Amino acid sequence: MYNFGTGPANGLTVTVFPPKDIVVIGQNTYYVGNLGSDTSSTFTFAFRILNSTKPGSYVIPLEYTYTNVIGQVLHSHSNITLEVSNGSSGFFTSSFTVDPKSYYEK
């Protein structure tokens with residue numbers, strides 16, 4: 001993720017909300033910490049696909065929560081699109097693209 005804002009995103013957390021039949025391994029919230037203006041950070045979520053999960057495309061919402069320089073708690077959103085095929089097993093990788101404007105308000 002990248003902070004395109006003009007100020008820091010303090011106490012940044014990322015929370016994932018998987019659909020039914022896709023389970024987060026571990027916690028559904030990742031604490032990033034303070035992310036300065038014009039800087040980036042990474043985060044990782046691992047998912048388990050249940051036997052009941054049907055093949056297809058799944059949209060997994062993410063919520064970013066942080067405090068701006070004047071103490072306001074703000075929320076931004078984006079999505080991960082996950083493709084599940086008939087041959088999916090326990091581990092997989094996925095990539096996603098987010099409109100930079102959806103990360104942080106300036």
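Reader: What percentage of the 106 residues in the protein is made up of buried residues?

Author: The structure is a predicted model, in which local features need pLDDT of at least 70, side-chain atom pairs count only at pLDDT 80 or more, and totals for chains, interfaces and linings use all residues. Residues are numbered from 1 along each chain as its sequence is written, and side-chain values use heavy atoms, with hydrogens and water left out. Buried here means under 20% relative accessible area, against over 50% for exposed and in between for partly exposed, with a 1.4 Å probe and protein chains only. On that basis, the buried part of the 106 residues comes to 35%.

Reader: How confident is the predictor on average across the protein, in pLDDT?

Author: pLDDT is the predictor's confidence in each residue, on a scale from 0 to 100. Over residues 90-106 the value is below 50, although this stretch has 37 contacts in the model beyond near neighbours in sequence, a contact being heavy atoms within 4.5 Å. Of the residues, 81% score at least 70, and the protein averages a pLDDT of 81.

Reader: Is N3 buried or exposed?

Author: N3 lies in the segment before β1, and its side chain reaches the backbone oxygen of G36 at 3.3 Å. Because its relative accessibility is 1%, N3 counts as buried.

Reader: With which side chain does the side chain of H77 make a polar contact?

Author: H77 is found in strand β6 and is partly exposed, with a relative accessible area of 47%. A polar contact is a pair of N or O atoms within 3.5 Å; within protein, one must be able to donate a hydrogen and the other to accept it, and residues adjacent in sequence count only if both atoms are side-chain atoms. At 3.2 Å, the partner of the H77 side chain is the side chain of E63.

Terms used
Helices (H or I, at least four residues) and strands (E, at least two) are DSSP runs, numbered from the N terminus.
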